[in-house]
Structures are given as structure tokens and as C-alpha cells.
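Subject: Structure handover

Hello,

Here is the structure we talked about, for you to open and look through. My notes on it follow below.

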Amino acid sequence: MENLKTEVLVVGGGTGGTAAAIQAARLGAQVLLVSEWPWLGGMLTAAGVTAPDGNELAAFQTGLWGAFLRELEQRQPGGLHNGWVSFFTYEPAVGASIFADWVAALPNLTWRWGHHPREVLRSGNRVTGVVFDPFSVEAQITIDGTELGDLLALGNIPYRWGWESQEQWQEPSAPNSLTDPADPLFPAIQQYPVQAPTWVVVMQDYGTGETAPLIPSTGSQASFVGAWEGYGPEQFLNYGRLPGNRFMINWPQQGNDYGVGLERLIEPETTRYDYWQEAKNHSQEFARFIQAQLGQRYGLAEHVFPELEGTPGGGGFALYPYYRESRRLVGLTTVSERDILPVPGSQVAPLPVNEEGVVDAIAIGNYPNDHHYPGFKMPLAPKAIRWGGRWTGTPFTIPYRALVPATVDGLLACDKNISVTHIANGATRLQPIVLCLGQAAGAAAALCIQHPCQPRELPVKHLQYTLLRDPQAPAMLIPCFDLLPQDEHWLNQQTTFLDTPTAYPASGFTDSSRTSSQNFTSGTHIFYGHYQRGKDHSHQLLRDTETISLVAISPQAAMQLMQVTAGSNVKVFGIHNLGGAWILVKAIQSVDDV
């Protein structure tokens with residue numbers, strides 16, 4: 001067996017692990033990244049979720065998440081404005097090429113793929129490395145970037161799996177009891193220990209008059225009846241529309257979520273593979289159902305994912321399932337639902353404060369809490385607001401302590417395996433926030449090498465300083481709706497709120513009279529029409545007999561939409577998203593004549 005040594009070992013090439021390896025190497029650490037698959041990026045690439053959710057507002061597009069979006073804008077033919085579930089949809093191979101290029105540009109980052117962790121090496125309460133089939137690695141800091149928190153189990157590191165009762169964390173959406181059949185959530189608790197994954201499949205519209213190859217049947221289609229009820233076929237397909245008349249099928253309503261036998265996910269590999277085959281077959285049958293209902297012009301897309309041994313995926317199917325939940329670390333602190341919900345009367349969650357009274361926020365998210373249990377609708381405490389003419393989630397932060405094990409040194413978590421409750425995981429599991437968590441974990445690991453210390457000993461101020469001032473991808477740590485990284489006040493406001501949390505406004509707006517400047521003409525078109533505003537703060541543009549929704553994600557455009565006079569004629573600079581049936585507004589101006 002080959003014996004290797006490195007400063008930082010990252011196990012798993014998922015969303016968080018990829019970001020951690022890149023950030024640690026950019027800060028000068030010697031990094032070894034070991035992944036199972038030849039595509040890096042996890043949810044964002046190999047698992048096929050190329051319609052990311054959350055952190056969509058321009059102010060929240062920071063850190064490696066923002067850098068990834070800017071690269072996608074440059075590389076994706078046809079642009080990112082295709083579907084309505086996300087403001088950004090793209091081809092999986094384009095996302096994978098970005099991460100591969102970032103890794104290749106770092107001479108101090110070595111990447112090996114095709115390997116599974118087999119053993120976690122420990123010296124007392126400190127993780128010292130990991131054994132893989134053909135080699136072992138000794139590392140000063142190890143980062144668990146696996147999709148299911150595999151190092152936690154291999155290393156006997158305390159973790160959670162499954163639900164918690166309301167008594168434990170006082171979460172409003174948690175069940176009163178885990179064992180009482182009278183509890184409304186009892187059926188879900190019994191059937192689903194964690195949220196159901198989805199095996200994403202990409203379909204292709206071959207065009208009018210064309211006939212796609214018939215998709216082989218793998219079972220019954222009964223569970224899919226009513227899949228697009230309330231939406232219609234066109235809106236259903238446009239949900240995850242990709243460039244090139246392709247469609248990402250990751251559909252929750254009578255769709256391809258698969259929640260049968262989820263305990264198999266943390267059992268031996270052969271058992272996990274059985275689940276994989278069933279989940280892939282379930283998605284294949286859903287694709288067959290779509291083809292049967294909507295016509296054979298729709299078929300499986302070809303050559304989207306590589307064909308590889310060891311997975312039933314490839315071609316039009318993702319390489320492995322989109323996991324929504326994994327083993328969850330028992331950390332120095334645990335993020336609960338109360339930490340992600342807005343403070344009563346406000347639009348933002350409370351800032352996390354450690355034992356020393358220091359705000360230890362290291363990543364932001366804003367997704368509305370969302371749980372997937374096929375056949376069961378989960379009631380959850382609301383955390384959404386109207387912003388820019390549409391619904392978005394209220395923002396929250398993740399503390400550094402949630403990445404650090406409570407009792408073990410030498411290890412950091414950086415994916416869905418951080419210290420979080422089952423309920424809160426519904427908001428913390430999304431791709432952009434996991435990318436930011438990985439960036440923070442990688443930076444922390446590099447700082448632990450530079451200033452020899454264990455992760456629990458690292459002053460969080462050092463980590464925050466590093467993330468805020470990163471020369472390539474500075475990351476927002478305190479959510480502010482109206483500040484962009486290029487704003488001259490951005491860094492000062494961030495440090496002010498970290499140093500003086502009582503100054504953080506309940507509205508999440510730092511100064512409603514000031515908006516960041518923006519180049520709104522680049523890549524936009526001009527639309528003329530008659531502006532109207534709905535009672536629900538929606539915005540529309542009337543053009544002859546056509547009515548188009550107007551939405552905004554930049555603070556400048558959102559403010560202009562609220563200030564323009566209802567009933568006036570307007571000139572709109574924006575991008576028309578046909579799949580979303582909206583214009584993404586970059587700027588809007590009233591005009592005298594149209």
C-alpha cells in the first residue's frame with residue numbers, strides 16, 4: 001500500500017468538498033482531494049441538479065458560489081435563463097469543467113478519483129488520516145466532503161441520523177413525539193428517516209415530427225398519475241428547462257423522488273447499490289411516463305453524463321442520486337430551525353453568537369425550508385418574503401462551530417453532514433450554501449496549517465477576515481439585501497455587524513436610500529410597455545395583448561420596481577426568460593411615450 005502525507009486531506013468531490021479543496025489550496029496549503037467520481041461538484045454537476053436553489057439574490061451571490069455563477073455566464077452557450085425553478089440552469093458538463101479547471105490551476109492541489117474511504121485513522125481523539133483501497137493518507141487536517149458523511153461513521157465520530165422531537169430543540173415544525181401514532185408526523189417518521197433523494201434524469205425535446213427512442217419500462221407508472229396537475233405539461237417541462245431543449249427532471253409532485261428503504265443509504269455498499277438501482281429505475285419509469293403522456297418527441301437526452309462502471313447512471317441519468325440529507329455531525333453547536341427562522345417582526349434570522357459573545361457566522365443561506373417525503377406533505381414554519389416581485393427565503397447564517405466535531409480533533413465537516421437538525425436541514429442542504437460551507441471549511445483548514453492549531457482552537461475572527469477579504473472570491477457573512485460586493489460600503493458594513501451585532505437591522509437593509517451601482521445594459525434587451533403592480537407586490541408589463549411578469553434579484557432593480565408609478569409607460573432593461581415566463585429586470589424607467 002502506498003503511504004502518502006499531506007497537510008489537508010479532502011475526502012469526497014461533492015459540492016462542499018470541491019470548494020474546500022480549492023479554497024485550502026488557494027490559501028497555500030498542500031491539499032490532496034480524493035473523490036469517487038471523475039466529475040467534481042456533486043449536486044451541481046455529477047448528481048445533475050443544474051438548477052441551483054437559494055442565494056439567488058444578487059447580494060447573496062458571493063464567495064465561490066458567485067464565482068461559479070460568473071464562470072457559468074461566460075461558458076454556457078445559450079445563457080442561464082431557461083427554467084423557472086431557478087434563475088440559473090446549465091449543462092452539467094459545463095459546471096464540471098469549471099471545477100476541473102479551478103483544480104488544475106493549483107499546483108499544490110492533487111486530485112485522485114475512483115477511490116472510496118475504507119478506514120479513518122485516529123490517534124486518541126484526533127483524526128490523523130484515511131485509508132483507501134490502494135493507498136493511505138496521513139493528514140494534519142481531514143475534511144469530510146462525502147455525500148453521506150461516510151467519515152463520521154468510519155471514524156466513530158458522533159453523528160445524528162433521523163428526526164428529533166420538539167422537546168429536544170424546541171423547533172416549531174418538529175413532531176411532538178417520535179413514537180406516538182397520534183402525532184400528525186408519525187407516518188412520515190416511520191417511513192422516512194431522512195428526506196428522499198432523487199435520481200435526476202435529463203430529457204430531450206427531439207422536435208416536432210421527430211420520434212425519440214422508446215424509453216424501456218422498469219415497472220408501474222401508477223404513482224406518477226397527476227404529476228403536473230395544477231401546472232400543465234408546458235410549465236412542468238419548463239421547471240428545469242436547460243439550454244438546447246433539454247429538461248432536468250427533478251420533480252417533487254408525484255415525480256421521481258424515491259424514499260423506499262432509506263436506511264440502505266448508510267448500510268454496506270452492496271445494499272446502497274440496491275437502492276441506487278431502484279431509484280434510477282424509478283426515474284426511468286417516470287421518464288417513460290412523460291414520454292407516454294406528452295408524446296414520443298420527448299426522450300432521454302444523450303451524452304449528458306459519462307458512462308462509468310459502478311453506477312447505473314450515465315447518458316441521460318445523473319451519476320448518482322441527489323441526496324438531500326446525510327449523517328449529521330454532532331458539532332460544537334447544532335443549527336436548529338429556530339436559528340434559520342426570522343426573528344419575530346423581522347426579515348432576518350438571529351446572528352449566531354459563541355460562548356465568548358462573538359458572532360461566528362461563516363456562510364449565508366436564504367432558502368425557504370423544504371422537505372421531501374413522497375406522498376406526505378410536510379407542514380413547516382414559514383420563512384419566505386416577497387422580494388423583487390417574487391417569493392424568496394428569509395436569510396440566515398451558519399456558525400463555524402457547526403463544522404467542528406464536539407469531541408474529535410483534526411476533522412471538519414463541509415456538506416450536508418454539518419451539525420444541523422433534521423428540520424433545519426431542509427434549508428441548509430441547498431447547493432449555494434453548501435458551496436459556501438466548503439469554502440469556509442477549506443479556509444479554516446489552511447489557517448490551522450498556517451497557525452498550527454486544531455479547528456476548535458482557530459479564532460473565528462481570523463477565518464472571517466480571510467473569507468471577507470479573499471482576493472478571488474470574497475464571501476458575504478452577514479446577509480444584507482442591498483449590498484453588493486463591489487459596493488464601497490460592503491466590507492465596512494460586514495465587519496460592523498460582526499463586531500456589533502446589535503447594529504444589524506431587522507429589515508436586512510443597511511440603507512434604503514442607497515443602492516449599489518450595476519451595469520444593467522450588458523446582455524440585456526429593451527422592452528416597452530405599460531406597467532402595473534399587483535396587490536401582492538407583483539409586477540407586470542403589458543404589451544399589446546401580452547402580460548409578462550417582471551422580477552428582480554438586484555437591489556437596484558427591486559427598488560426601482562417599487563418606485564415606478566403604477567399605470568405608467570415604461571422602458572425595461574432585462575432578460576426575457578421564456579421558461580420562467582418573466583423578464584429579469586436590470587433597470588426600469590418611466591417614459592412619456594411608448
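Helix 1 passes helix 3 in a left-handed crossing. Please keep in mind that this is a predicted model. Helix 1 covers residues 15-26 and helix 3 covers residues 92-104; their axes are 10 Å apart and the packing angle is about 25 degrees. Angles under 35 degrees count as roughly parallel, so helix 1 and helix 3 are roughly parallel to each other. On the helix 1 side the contact is made by Thr-18, Ile-22 and Arg-26, and on the helix 3 side by Phe-99, Trp-102 and Val-103. Sorted by class, this contact of helix 1 with helix 3 has four nonpolar residues, one polar and one charged.

Helix 1 also packs against helix 11, which is made of residues 431-450; the two axes come within 7 Å and cross at roughly 35 degrees. The crossing of helix 1 and helix 11 is right-handed. From helix 1, the residues Thr-15, Gly-16, Ala-19, Ala-20, Gln-23 and Ala-24 take part. They meet Gln-431, Val-434, Leu-435, Gly-438, Gln-439, Gly-442, Ala-443 and Ala-446 of helix 11. The contact of helix 1 with helix 11 has seven nonpolar and seven polar residues, and no charged ones.

Helix 3 has a further partner in helix 2 (residues 63-75), with an angle of about 120 degrees between them and axes 10 Å apart. Helix 2 and helix 3 are therefore oblique to each other. Their crossing is right-handed. Helix 2 contributes Leu-64, Ala-67, Phe-68, Glu-71, Leu-72 and Arg-75 to the contact, while helix 3 contributes Val-94, Gly-95, Ser-97, Ile-98, Phe-99, Asp-101 and Trp-102. By class, the residues of the contact of helix 2 with helix 3 are eight nonpolar, two polar and three charged.

Next, the aromatic rings. The structure holds 33 aromatic pairs. One of them is formed by Trp-163 and Tyr-373, which are stacked, at 5.4 Å centre to centre and with 25 degrees between the planes. This pair links distant parts of the chain, 210 residues apart. Trp-163 sits in the loop between strand 7 (159-160) and helix 5 (166-169), and Tyr-373 in the loop between strand 13 (361-365) and strand 14 (384-387).

Last, the domains. The domain assignment gives domain 1 as 2-161 + 324-503, domain 2 as 201-300 and domain 3 as 525-590. The C-alpha centres of domain 2 and domain 3 lie 34 Å apart.

Regards

How values were computed
Residues numbered from 1 in each chain as written. Predicted model: local features only at pLDDT ≥ 70, side-chain atom pairs only at ≥ 80, totals over all residues. Heavy atoms only, no water. Axes fitted to C-alpha atoms, helices over the stretch in contact; angles between N-to-C directions. Helix = DSSP H or I, 4+ residues; strand = E, 2+ residues; numbered from the N terminus. Parallel < 35°, antiparallel > 145°, perpendicular 65-115°, else oblique. Left-handed = near helix turned anticlockwise from the far one by under 90°. Contact = heavy atoms within 4.5 Å. Nonpolar A, V, L, I, M, F, W, Y, C, P; charged D, E, K, R; others polar. Domains from an automatic or database assignment. Phe/Tyr/Trp six-rings, centres within 6.5 Å; stacked < 30°, edge-to-face > 60°.
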